Amino acid sequence: MWADTDTDVDYLNYSEVAELVAEMVGNERMLPLSLGVFGTWGTGKSSILRLVQAGLAKNADNYIFVEFDAWLYQDFDDARAALMAVIAKVLLDAAPEDLQAKAKSFYGRVNKLRLLGLAAEGGAALFGMPTFGALNRGIQSVGDYFSGEADEDDAKALKEAATEVTSRTKGLLAPETKRSPPEEITAFRDEFKDILKGLGKTLVVVIDNIDRCTPPNAIHTLEAIRLFLFLPRTAFIIAADEDMVRHAVSTHFRNPSERLIQDYLDKLIQVPVRVPRLGVQEIRAYMLLLFAEAAKVSDKSLETLRAFLVDRLQNAWKPNSDFGVDDVIELLKLPDPTALRNSLDLADRMAPLLAYSTNIKGNPRIIKRMMNVVRMRASIAGKRGMPIDEAIIAKLVLFERCTAAAAVDALHDAINTAMGKPEFFVRLEASDAPATEIEAACPDAMRPHLSFIREWGALEPPLAGVDLRPAVYLARETVPLRSLAASLSPAALKAVDVLRDVRTSSSPAARDALASIDMSERVPVMEALVRDMRRNPDWTRSRNDFRGAILLADEGPDAAAVFVRFVRSLDLPRRPPWMATLLNGKSWAGA
């Protein structure tokens, strides 16, 4: 089993990207700097951030680090205010005695601005006092002053907001300061610059998990970043999924133009760095390291292997830079490498499918979770004395991850019907079998995945003649693990929750949820909905989850095909009127 956490040990040859980022942060001529580390869920953005910090920490005297997890503060604090407070607190803790007074003043000034511009709206609402939008104008103006874009109208908005807060909260808040809002902001900026100059260090703010936040919190965090950008001796490193942020922009702002959606991050981020997609060689190295780690080799041997594999990856352009299982075995020098060799051989064969499969695309987190499912099932098999090899379990888990739920169900049914030994495996694993024969031999629900299944069938170990009923038992015994292994992105998981409870076909929440789903995740989301619907056999009354599935089916033919197979599989004498009404007029529904 492997921990599903971020790491500062490079198993993926991400150190080159991390070193590039660290070099830019360490170059004073590049400051102030805003840099984005972009990638989809599970690709390793957080690990790259940790590698960057580890690299910069080698010269720790030059830097002050602020780590801000946007998701952590969601629903607990205003994201804008939270980021300001976290930065101020870190500077206060780092300030020597001769800067303590200024750092304390700065920390207090953050609280004033928080009260004036960021928390005032919520405070006024708490006391039942309508703000009539004045405070929103004040909040926007705070941001403009920080970024140097303020004008006379901004100053007026801030003064109006401050006046309204003062008059409506008289006696409830602290005595009025003699400084005007623009003066507070100018003093804030000056103190911030003075503290950094006095410390003689670069402030490195690392922001993660923005793409896990709700759209308003994601935007608020990004707006708070804008308050600090372009101030001397600062570097902001922001990890995010570009598509998720652009979805947040389109959701948060009213009717934004396509240009605004496209340009929002581009204007905030000076230097975009994208997490490289893993190829076959990177996945081979990653899995070899995972299995070596699971074999409990010594830390020294594991580091030797890691350094060897990363070196080979970085020199892949040179001749004779390949690596294989024999190299790993030789480096580790285990007394009996038989068990590890079997696992490494399997990883070596699976790597191409993991790199190119549509449902995996070389995503390291999905790979790790999938292999954890394999280990869980193998553990259960061992405890119950099941005669099934881990390699067979791994091969079947790969089938589950790379095909649809209907294909998995068809495979399990075929295994049970044939007493564990389906005949079509004989044709599938025959090297000379034509595609037409394989297609004819496979169950109908498996045929849409024939291209993958042919490659999968060629993987070792062969399954023809093996009683696979224990594997089916393990798969059904670990249904929750299968759901976990599906590894939907945060956006897709939220969409599943919304689509389970769609009360009207015109639901705005459902519309937003559908817009947040990447095209590649429509089928997995539909499969998740179908699995949930199967648990409730009551079709006598209208179902919210069924309505949500219909809306998803409208988005594309692949998701519709999964839904149609499910509807046709229902053991109903006739469709209830409510179901017939919902399906009426849907071209994809058929008869």
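These legends describe close-up views of a predicted model.

Residues are numbered from 1 along each chain as its sequence is written. In this predicted model, local features need pLDDT of at least 70, side-chain atom pairs count only at pLDDT 80 or more, and totals for chains, interfaces and linings use all residues, while side-chain values use heavy atoms, with hydrogens and water left out.

**View A. The five-stranded open sheet.**
The strand order is β2-β3-β4-β1-β5, and the pairing is parallel. Strands here are DSSP runs (E, at least two residues) and helices are DSSP runs (H or I, at least four residues), numbered from the N terminus. Two strands pair if DSSP finds at least two bridges between them. β2 (63-69) and β5 (271-274) are the edge strands; each has a single partner strand, so one side of each lacks a neighbour in the sheet. On average, neighbouring strands are turned by 15° against each other, direction ignored. Strands of a sheet pair through backbone hydrogen bonds, either parallel or antiparallel.

**View B. Bridges from strand to strand.**
Seven bridges join β2 to β3 in parallel. Asp69 stands opposite Asp208 in β3. β3 and β4 run parallel and share five bridges. Here Leu203 faces Thr234 in β4. Six bridges link β1 and β4, again in the parallel sense. Gly36 has Ile238 in β4 as its bridge partner. β1 (residues 33-38) and β5 run parallel and are joined by four bridges. Leu35 has its bridge partner, Val271, in β5.

**View C. Helix α2 on the sheet.**
Helix α2 (residues 45-56) packs on the sheet and touches β1, β2, β3 (202-208) and β4 (234-240). Contact means heavy atoms within 4.5 Å. The direction of α2 makes about 165° with that of β3. Axes are lines fitted to C-alpha atoms, for helices over the stretch in contact, and angles run from 0 to 180 degrees between N-to-C directions.

Buried means under 20% relative accessible area, exposed over 50%, and partly exposed in between (1.4 Å probe, protein chains only). Thr202, Val204, Val206 and Asp208 are buried on one side of β3, and Leu203, Val205 and Ile207 on the other. β4 is mostly covered, with seven of its seven residues buried. One side of β4 carries Thr234, Phe236, Ile238 and Ala240; the other carries Ala235, Ile237 and Ala239.

**View E. The crossing of α16 and α17.**
The axes of α16 (residues 338-356) and α17 (residues 364-383) come within 13 Å and cross at roughly 140°. That makes α16 oblique to α17. Angles under 35 degrees count as roughly parallel, over 145 as roughly antiparallel, 65 to 115 as roughly perpendicular, and the rest as oblique. The crossing of α16 with α17 is right-handed, meaning that the near helix is turned clockwise from the far one by less than a right angle. Ser343, Met350 and Leu354 in α16 meet Ile367, Met370, Met371 and Arg375 in α17. The contact residues divide into five nonpolar, one polar and one charged.

**View F. Gly420 in its loop.**
Gly420 lies in the loop between α19 (405-417) and α20 (424-428). Gly420 counts as buried, at 0% relative accessibility. Not counting residues up to four places away in sequence, Gly420 touches Ile415, Val466, Asp467, Leu468 and Arg469. Gly420 and Val472 are 52 residues apart in sequence and 8.9 Å apart in space, C-alpha to C-alpha.

Notes: Ala, Val, Leu, Ile, Met, Phe, Trp, Tyr, Cys and Pro count as nonpolar, Asp, Glu, Lys and Arg as charged, and the others, Gly among them, as polar.
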